[in-house]
Amino acid sequence: MKKILDLLSEEMGKAFEEAGYEASLGRVTLSNRPDLCEYQCNGAMAGAKKYRKAPIMIANEVALQLGDSPVFQEAAAVAPGFLNLRVSEEFLLDMVRTMAEEEKFGLEMPGKSKKIMIDYGGANVAKPLHVGHLRPAIIGESIKRICRYAGHEVIGDVHLGDWGTPIGMVITELQERKPDLLYFDESYDGAYPEEPPVTEAEFAEIYPLASTKAKADPEYRARALEATRKFQTGVRGYRALWKVIVDISKVDLKRNYDSLNVEFDLWKGESDVNDLIPEMVTYMKENGYAHISEGALVVDVKEETDTREIPPCMILKSDGASLYNTTDLATIMERMRLYAPDEIIYITDKRQELYFEQVFRCARKTKLVKPETVLKFLGHGTMNGSDGKPFKTRDGGVMRLENLIGETRDEMYRKIREGREMPEEEAKETAETVAISALKYGDLSNQAAKDYIFDIDRFTSFEGDTGPYILYTVVRIKSILNKYQEQGGEMKGLMFLKAGSESEKALEMALVQFNTMMMNAAEEKAPHRVCAYIYDLANAFNHFYHETKILAEADEDRRRSLIALLMLTRDVLETCIDLLGFSAPEKM
Ligand code: ARG
């Protein structure tokens, strides 16, 4: 199924041609005066000069050709030469039927299917997820789902930060508490402990403590760096502890991501490419890409056309230690070998933009990727508090993601209990589901690159441009459909009839934008397009709902046709919220 504007433009082009003008003048756009018309065409204005004719004359001639058009119900030429358009109910009916019958609502993506890797989430081992991890997780998850729906093969990778000093700090604190553990012994055989020497609860308590100590005490910090060096270089007892810490941490991270419906195909991390680094370094040196500068090994990545300073990409520090750069480049090398993706998309805070520019240039220059491989950075803005600064807890600290989710859930629960009769257990479960929609929709409805303000009261509201409003609409449709079935209504073999009212037509018009919206969302990797679409659709539905008797409709065929429209609306909404990474409860 084509984009609706393309179909309309085709029809309009024909009319221009028949009237003796160039078909390309027949471009139809959405109306900027919805009070006057649904669509418009300004081709007569554009053609006036070329054809040396008053635009209104051209518009009149074209309108005449459209008198019996099956697509346009009305084409009015108005001064000084616009064509104001309304589409016909038959045309809409045809599109709605196609949507209901075809897979993916008739979506046909142009272009070939690609293999895309998405690097998102940004979690680090031995550190709890905090509010800063919310955006890369939910934006990445949604883009992954959108690309998949659009027919691409997509692999999502969390790319754990599992090779850094936080782990060294935890080891140091363990050593402080349990100096007699055999892992600290040089002669330890390296076996993975049968009994983990630290419990999850203890672990949760250790990191913040170790981190505070390391900040305050340089000697402690030096020991943490030494412990880091030891596990990185493979001292056996330290490596065993490192693995224990990674495993415990992953359990906690998975639980957090699960609660947000964020699922990764790969749980790889920086550590996975450790063994590739020597090979990569040799390769870069031997091919003359890398050189020593002030003791460090670097690759120059600046280009003549640069209008800003792009520093060299550092591969190894002067003491031979690797950096964030190094693991990212080695990861690109590994990804090309194992998965050979056409495209790798990175989703992180936009403050890492320059860093990724360096890494991408370096990967291209050193030919770690093919010339046609797309490396894309999608930087997101920050989630701010009401003061416009990055979100903090009430006492000014960094808020844990878990707590943010918890607070949203509590507020949602309060609103649900306040507004309706619902048993406590059910209200709890519902609050959980709806809270995720509040958080995710509140975030994804903004363009990813922009900052936004976390407004718990607005995000959890059942009214306005919010997740709960969308879910409320889905639940409302489901409950009408349930009633219909309870009254013995058939769900199969339903037929669509032409729209019977303006609000029904408006609902159909909103529905048939799906195709266009999906193509744009997939093309631009833009979840906010999905949000804008379902908000319009939910509004159109609710307007229609308030004006229309559905179950009380006396005409059997009409009633069945309305039910078919409801089912389609529900399916489209549910598909879209799944693309955003949340789902609707049965009741709310
Ligand atoms: N763990 C990193 C951080 O906390 C983000 C990882 C992003 N992905 C990457 N390939 N560098 O900043």
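1. A residue counts as buried if 20 or more other C-beta atoms lie within 10 Å of its own. By that rule, 41% of the 588 residues of the protein chain are buried. The model is a predicted one.

2. Start with the overall build. The protein chain has 20 helices and 13 strands. Its C-alpha atoms fill a box of roughly 90 × 65 × 45 Å, taken along the principal axes. Take the contacts between residues at least 6 apart in sequence: 72% of them join residues at least 24 apart.

3. Next, the domains. The chain is divided into domain 1, residues 4–87, and domain 2, residues 401–580. The C-alpha centres of domain 1 and domain 2 lie 35 Å apart.

4. The start of the chain carries a record label. An unreviewed UniProt entry annotates residues 2–87 as "domain: Arginyl tRNA synthetase N-terminal". This span is 41% helix and 22% strand. Its end C-alpha atoms lie 16 Å apart.

5. The bond from A79 to P80 is cis, with omega near -5°. P80 sits in the loop between β3 (72–78) and β4 (82–87).

6. F105 has a phi of about 55°. It lies in the loop between α4 and β5 (115–119). F105 counts as buried because it has 20 C-beta neighbours inside 10 Å. E294 has a phi of about 45°. Its place is the loop between β7 (291–293) and β8 (296–299). E294 has 6 C-beta neighbours inside 10 Å, so it counts as exposed.

7. UniProt, in an unreviewed entry, places "short sequence motif: 'HIGH' region" at residues 123–133. The span is 0% helix and 0% strand. Its end C-alpha atoms lie 7 Å apart.

8. Which residues surround the ligand? They are D119, G122, N124, H159, G161, D328, Y346 and T348. By type, this shell holds 1 nonpolar, 5 polar and 2 charged residues.

9. The unreviewed UniProt entry gives residues 470–588 as "domain: DALR anticodon binding". The span is 71% helix and 0% strand. The C-alpha atoms at its ends lie 12 Å apart.

10. Helix α18 covers residues 514–524. Its buried residues are F514, N515, M517, M518, A521 and A522. Why do the buried residues of α18 line one face of the helix? Seen down the axis of α18, they fall within an arc of 160°, so they line one face.

11. What do the buried residues of α18 pack against? Their partners are α4 (89–101), α5 (134–149), α17 (502–511), α19 (527–547) and α20 (556–580). Just after α18 comes K525, which takes a positive phi of about 50°.

12. H546 is in helix α19. Is H546 buried or exposed? It counts as exposed because it has 8 C-beta neighbours inside 10 Å, and the cut-off for exposed is 12 or fewer. H546 and S503 are 43 residues apart in sequence. In space, their C-alpha atoms are 9.4 Å apart.

13. N446 lies in the loop between α14 (424–444) and β13 (452–453). N446 is buried, because 20 other C-beta atoms lie within 10 Å. Leaving aside neighbours within four places in sequence, N446 is in contact with Y452 and H528. N446 and C362 are 84 residues apart in sequence and 32 Å apart in space, C-alpha to C-alpha.

Note on methods: Residues are numbered from 1 along each chain as its sequence is written. This is a predicted model: local features need pLDDT of at least 70, side-chain atom pairs count only at pLDDT 80 or more; totals for chains, interfaces and linings use all residues. UniProt positions are given in the numbering used here, feature names are shortened, and annotations may be inferred rather than shown by experiment. Helices (H or I, at least four residues) and strands (E, at least two) are DSSP runs, numbered from the N terminus. A residue is near a molecule or strand if its C-beta atom, placed from the backbone, lies within 6 Å of it. Ala, Val, Leu, Ile, Met, Phe, Trp, Tyr, Cys and Pro count as nonpolar, Asp, Glu, Lys and Arg as charged, and the others, Gly among them, as polar. Domain bounds come from an automatic or database domain assignment. The arc is that of the directions from the helix axis to the C-beta atoms. Two residues are in contact if their C-beta atoms, placed from the backbone, lie within 7 Å.
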